[in-house]
Amino acid sequence: MSEHWSKTVLKHAGQCKGKMTISVLCAIVGVFGGLVPYYGVYNIVIILTGELPDINMIIPWILVCLSGYIIRLVFHSLSTVLSHISAYTILNTLRLKMSERLMGTPLGVVLSEKVGRLKNAFIDRIETIELPIAHMIPEGFSNLLLAISVFIYLITVDFRLALAAIVTAPISFIIVGITLQGYTKKYQQYMRASDHVNSVIVEYSEGIEVIKMFNHSDRSYEKYEKAINEFRKYILDWGKSVITALNFSMALLPTTLLGLVPVGIILYRQGSLTPAEFVLCIILAMGIVPPLMNVSQFVNNSKLIQYAVKDSSEFLNIMQLPNNENFADIKEYNISFKDVCFSYNADQEILKNINININENSFCALIGPSGSGKSTMARLIARFWDVTGGRIAIGGVDVREIPLKQLSACISFVAQDNFLFDCTLRENIRM
């Protein structure tokens with residue numbers, strides 16, 4: 001069973017754990033600062049409903065309300081700043097670690113991945129992880145705490161008021177639960193569709209020069225348009241099937257006054273509730289609405305985050321080429337293939353029992369039809385893959401025993417597919 005996404009995120013928090021802890025603490029202080037104005041209003045109502053209201057007595061409570069608001073504003077802002085610094089530090093760390101893992105991965109594994117999936121994993125999915133770190137952890141925790149605090153206070157006033165205030169919540173959650181049955185399967189289909197449409201977009205954009213050169217723009221654009229329209233249709237169909245029930249549920253969830261007001265009126269008429277307490281309960285019940293909506297929004301996004309972390313974890317744990325740490329003693333640079341066999345997959349063997357010796361200080365040309373394995377042989381020398389049978393040696397040392405860093409220093413490799421990095425010509429040549 002895979003670990004929860006929050007554990008995976010926290011594993012890579014490292015240097016940010018202190019900031020994240022302070023962020024949560026600041027969020028909690030901000031929450032309780034936000035409760036202070038409610039208490040101030042409660043006392044103002046008591047003064048105004050007294051026999052001889054004194055305006056001068058109201059001023060201190062106005063200052064108390066203002067102080068609570070300032071405390072909430074300052075600590076909420078501080079929490080948000082710290083959480084966002086932590087979030088983007090972790091995102092940067094994750095992207096660098098994923099890149100490092102790919103550098104040690106067999107090239108065949110990388111090439112087997114669709115470009116759209118790589119783009120999704122490194123850019124879109126990683127960016128999604130910002131949500132739990134910057135918002136869900138500090139804000140979700142504090143909003144949940146606020147809702148619980150208000151509920152506990154309502155219980156101290158009258159447990160019947162507390163139950164009346166949340167009467168719509170179970171109904172709303174039941175509707176959401178029924179509506180989202182099969183959500184996991186649907187979301188998996190959505191992720192596959194998203195990867196496919198991203199791959200088609202990247203493929204069309206990168207190949208547009210060739211498409212125009214050979215006058216295949218109509219045919220290629222048709223494939224591009226079809227992928228976009230299919231993805232659009234899938235999203236719309238899925239949305240239409242759940243939108244009515246979810247909208248009703250989200251409209252029902254925050255209606256805390258629906259149960260609280262009639263129950264409060266009954267208790268007031270019975271003498272169990274003072275006017276000031278009734279007004280405060282109404283204000284608190286209305287104040288609980290934004291936290292409840294925020295928490296429900298975070299819950300809705302949890303599946304998105306789960307898949308984002310899952311995709312990232314796959315690349316963080318992607319298979320690596322075994323790498324010898326100790327530098328090999330290479331005295332000469334002749335290259336030999338001994339009974340070399342290689343296949344990209346189990347279905348088709350590209351090279352079979354290849355034996356060849358290439359002497360040091362000599363030129364060797366590999367000649368053959370397209371697809372005969374020429375580029376594969378060259379790449380095997382550079383250990384872009386490991387052979388599936390036999391051995392390749394440089395100076396009598398198996399390339400698998402040579403550290404990757406040392407092997408890279410021994411070989412100058414000019415690919416047949418040119419690629420220019422977005423930097424100076426000098427830097428491109430140096431690379």
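Modeller: Let's start with a term: two residues are in contact when they have heavy atoms within 4.5 Å. This is a predicted model, where local features need pLDDT of at least 70, side-chain atom pairs count only at pLDDT 80 or more, and totals for chains, interfaces and linings use all residues. Residues are numbered from 1 along each chain as its sequence is written, and side-chain values use heavy atoms, with hydrogens and water left out.

Colleague: Thanks! Which residues is aspartate 311 in contact with, leaving aside its neighbours within four places in sequence?

Modeller: Aspartate 311 is in contact with Arg117, Arg125 and Met191, once those neighbours within four places are set aside. Aspartate 311 has its place in helix α14; helices are DSSP runs (H or I, at least four residues), as strands are (E, at least two), numbered from the N terminus.

Colleague: Is aspartate 311 buried or exposed?

Modeller: Buried means under 20% relative accessible area, exposed means over 50%, and partly exposed lies in between, using a 1.4 Å probe and protein chains only. Aspartate 311 has a relative accessible area of 7%, so this residue is buried.

Colleague: And how do I read a nonpolar core?

Modeller: In soluble globular proteins, nonpolar side chains tend to be buried together. A nonpolar core is a set of buried Ala, Val, Leu, Ile, Met, Phe, Trp, Tyr and Cys residues joined through side-chain atoms within 4.5 Å. Here the largest one has 26 residues, and Ile90, Met98, Phe122, Ile129, Ile133 and Phe315 have the most contacts inside it. At least two residues each come from α3 (55–103), α5 (115–128), α6 (130–157) and α14 (289–316). The most come from α3, which gives six residues.

Colleague: How do I describe two packed helices, such as α6 and α13?

Modeller: Two packed helices are described by the angle between their axes and the distance between the axes. Axes are lines fitted to C-alpha atoms, for helices over the stretch in contact, and angles run from 0 to 180 degrees between N-to-C directions. The axes of α6 and α13 (residues 275–287) come within 11 Å and cross at roughly 160°. The two helices are therefore roughly antiparallel to each other (the label for angles over 145 degrees).

Colleague: Which residues make the contact between α6 and α13?

Modeller: On α6 they are Val150, Tyr153, Leu154 and Val157, and on α13 they are Glu277, Leu280, Cys281 and Leu284.

Terms used:
Angles under 35 degrees count as roughly parallel, over 145 as roughly antiparallel, 65 to 115 as roughly perpendicular and the rest as oblique.
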